[in-house]
Amino acid sequence: MDLVTDAVRRMEEVIFGSGCQDSNVRIRRSPGADVCRYERGVPLEIGYGGVIVDCVSNFPIEATTRVNFMFGAQLDTPEKRTAACGIMSVIGRFLCLCRTGRACQPDDHERCMVQLQEHLAGKKVFPIGQAPVLAALSGVVYVDDPAEADIILVPGDGLFREDAVRVADAYRDKVPMLFVGPTTAGCASFLGVDHWCPFSR
């Protein structure tokens, strides 16, 4: 079971019987939104129960759906995994299970990167997905083989693309992972994985 599908299964267990699964979620493009510097793609706004969260993906969709569309579903395309990650984030935020909801403002980008570099200093790092900034942090030792890494960095794109998902799944119990940015917040929360997004709103 891949990371996203496993996180959805755990979310289903958490909200079972609450009625949350029967309510609508709105997924819309949000071209003017602030975007995390570690994420690339089209900004999306996910709305549920008066709560709004951000999601950025190169596989954007727009839809109004229900939370339970994911339960037992084959999340076998980047678009479906994008929707699932956005929905998990907004549900996690709605239920106060995760703090992160929206990207920080551009003024926070520099201090976020400095703190992430300090956090990773001296560690061997393997980033997955398409995140050029994460692959070029100053003072970080990068490795070409995830088996040699002390930590695997997972931005949103690392949960969407097939090749990235395969790497994450292969090493999830072998190498610690650090999910990065608001797009990964809900998935990280339901999986109990470390998450980096210190200045999110």
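Student: Which side chain does Glu 13 meet in a salt bridge?

Tutor: Side chains of opposite charge can pair when their charged atoms come close. The cut-off here is a side-chain nitrogen of Lys or Arg within 4 Å of a carboxyl oxygen of Asp or Glu. Glu 13 pairs with Arg 9, at 2.9 Å from N to O. The model is predicted: local features need pLDDT of at least 70, side-chain atom pairs need 80 or more, and totals for chains, interfaces and linings use all residues. Residues are numbered from 1 along each chain as its sequence is written, and side-chain values use heavy atoms, without hydrogens or water.

Student: Where do Glu 13 and Arg 9 sit relative to each other?

Tutor: An α-helix has 3.6 residues a turn, so residues three or four places apart point the same way. Glu 13 and Arg 9 are four residues apart in helix H1, about one helical turn. Helices (H or I, at least four residues) and strands (E, at least two) are DSSP runs, numbered from the N terminus.

Student: Is Glu 13 buried or exposed?

Tutor: Read the relative accessible area: buried is under 20%, exposed is over 50%, partly exposed lies in between (1.4 Å probe, protein chains only). Glu 13 is exposed at 53%. Arg 9 is partly exposed at 33%. Their salt bridge belongs to one network, in which shared partners join Asp 6, Arg 9, Arg 10, Glu 13 and Arg 172.

Student: Which salt bridges does Asp 6 form?

Tutor: Asp 6 pairs with Arg 10, the closest N and O atoms being 3.1 Å apart. Again the two are four residues apart in helix H1. Asp 6 also pairs with Arg 172, at 2.7 Å from N to O. Asp 6 is buried, at 5%.

Student: How many salt bridges does the count give?

Tutor: The count comes to 13.

Student: Which residues of helix H4 are buried?

Tutor: Look at which way they point around the helix axis. H4 spans residues 162-171, and Ala 164, Val 165, Ala 168 and Tyr 171 are buried. They lie on the same side of H4, because they cover an arc of only 145°. The arc is taken over directions from the axis to the C-beta atoms.

Student: What do the buried residues of H4 pack against?

Tutor: Contact means heavy atoms within 4.5 Å. The partners are helix H1 (3-15), helix H2 (78-94), strand E7 (151-154) and strand E8 (177-180).

Student: How many disulfides are there?

Tutor: The test is two cysteine sulfur atoms within 2.5 Å. The count is zero. For Cys 96, the nearest cysteine sulfur is that of Cys 98, 9.2 Å away. For Cys 187, the nearest is that of Cys 85, at 4.8 Å. Cys 96 is exposed at 68%, whereas Cys 187 is buried at 0%.

Student: Which residues make the nonpolar surface patch?

Tutor: Patch residues have over 30% relative accessible area and no salt bridge; nonpolar side chains (Val, Leu, Ile, Met, Phe, Trp, Tyr) are joined within 5 Å, like charges within 9 Å. Areas come from the Shrake-Rupley method with a 1.4 Å probe. Val 14, Phe 94, Leu 95 and Leu 97 make a patch of about 310 Å². Leu 95 lies in the loop between H2 and helix H3 (109-120). Leu 95 is partly exposed, at 31%.
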